[in-house]
Amino acid sequence: MSDHGFGSLFTLAWTFGLMSLFAVGGANAAIPEIHRIAVDLRHWMTDTQFADIFAISQLSPGPNVLIVTLIGYQVAGIVGALVATLAMCGPTAVLAYYVSRFLTRSNQSPWPAIIQAALVPLSIGLMSASGLILMLTSDRSWIAVLITAVAAVLAYATRLHPLWMLLAGGCLGFAGVV
Amino acid sequence: MTADEFNETFALCHFLPGPNVVNLSVVFGSRFRGVAGGIAAFAGLLGPPVMIVTILAALYARFGEIAALQRTLAGVSCAAVGLMFSAIFRMMLPLIRKRDLVGLALLAAVFAAIGLLRLPLPVVILVALPLSIAITFGMRRRVAA
């Protein structure tokens, strides 16, 4: 992977910096937007590569915002990975710092609770769109859809650790079932 | 930090945009040591995983074409999507139990705008958020009155 120069770093920085400010509900809620920009708009990667990168990010330890690190690397190597991660996390971290200081000073306002309640349906809507986009990129056969369905039911109904389901999915994939 | 303070901070970081866990760690760190604590928490939370993921990204760039690896990752992502659906359903359940039709309608509208129409995220949020705040505010006043 070659360094695509300053231009692509700048694009990464403002793409993810801007996106983070609208990423209501965290990184998983931003997945449709990440996919729209990385695959449809900028052609940084194919659908399959996007699904692969999502899989790697879910296998990795740490916060799920790391999908952005992987995309940054794909675009512009190690520097791209750092720029994308900082752009996605930095601005909102600064915002969180100032808002938390402001709120500890004026604790009586009803607005935080109202805004929080107003955001709930939006973030679940965004997450649902993430589910759809990821299903369209990942589930390319009926067996794949079945694996997704079984994982969803097991995750909902049992206390099985998620990593076991990811590993089981990986084993089935390796065996050529998917 | 007391349990109440933690819950308050946790709630705060859930309504701020961006990666929640990162925001939470920064606010948490800054409560102890100001800006330096915030930066330390930010670096501490992100540093090690970013290093690991960057190594994985390099390996993927090098070996991503290998068919067995592609098959394996495809299997992992199928399962990961399932986990996400379970998480979405858990979050949706309170809205369904409360028969919060307005909330569910907003949810469906955002889903359609982003997932089906593939509209840009900023546009959708800039329309949906004021609308949702106005509706929430109006309903709370009606309940209070």
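A quick term before we start: two residues are in contact when they have heavy atoms within 4.5 Å. Also keep in mind that this is a predicted model.

**Stop one: chain A by itself.** Hide everything else and colour by secondary structure. You'll find seven helices and zero strands, so to read along the sequence is to follow α-α-α-α-α-α-α. The C-alpha trace spans about 55 × 45 × 25 Å along its principal axes. Now think about contacts: taking those in chain A with a separation of 6 or more, 62% are between residues 24 or more positions apart. Chain A has 178 residues, and 54% of them count as buried.

**Stop two: bring back chain B.** Select what touches across the two chains: 94 residues from chain A and 76 residues from chain B. Between them, chain A and chain B bury about 7,500 Å², and carbon and sulfur atoms give 79% of that area.

How many salt bridges are there between chain A and chain B? The count is one. To see it, pick Asp40(A) and Arg118(B), whose closest N and O atoms are 3.7 Å apart.

Next, which elements of chain A give two or more residues to the side that touches chain B? Select helix 1 (6-22), helix 2 (31-41), helix 3 (47-59), helix 4 (66-105), helix 5 (111-138), helix 6 (142-157) and helix 7 (162-174) of chain A. Highlight helix 5 of chain A in its own colour, as its 24 residues are the largest share of that side. Colouring the residues of this side by type gives you 61 nonpolar, 28 polar and five charged.

**Stop three: zoom to Asn23(B).** You'll find Asn23(B) in helix 2 (residues 20-63) of chain B. Is Asn23(B) buried or exposed? Asn23(B) counts as buried because its relative accessibility is 0%, and the cut-off for buried is under 20%. Show side chains here: a polar atom of the Asn23(B) side chain lies 3.0 Å from the backbone oxygen of Pro17(B).

Finally, select the contacts of Asn23(B), leaving aside neighbours within four places in sequence. On the chain A side you get Thr92(A), Ala93(A) and Ala96(A). From chain B come Cys13(B), Leu16(B), Pro17(B) and Gly18(B).

Notes: Residues numbered from 1 in each chain as written. Chains lettered and ligands numbered in written order. Predicted model: local features only at pLDDT ≥ 70, side-chain atom pairs only at ≥ 80, totals over all residues. Heavy atoms only, no water. Buried area = accessible area lost by both parts, 1.4 Å probe. Salt bridge = Lys/Arg side-chain N within 4 Å of Asp/Glu carboxyl O. Helix = DSSP H or I, 4+ residues; strand = E, 2+ residues; numbered from the N terminus. Nonpolar A, V, L, I, M, F, W, Y, C, P; charged D, E, K, R; others polar. Buried < 20%, exposed > 50% of the residue type's maximum accessible area, 1.4 Å probe, protein only. Polar contact = N/O pair within 3.5 Å; in protein donor to acceptor, adjacent residues only side chain to side chain.
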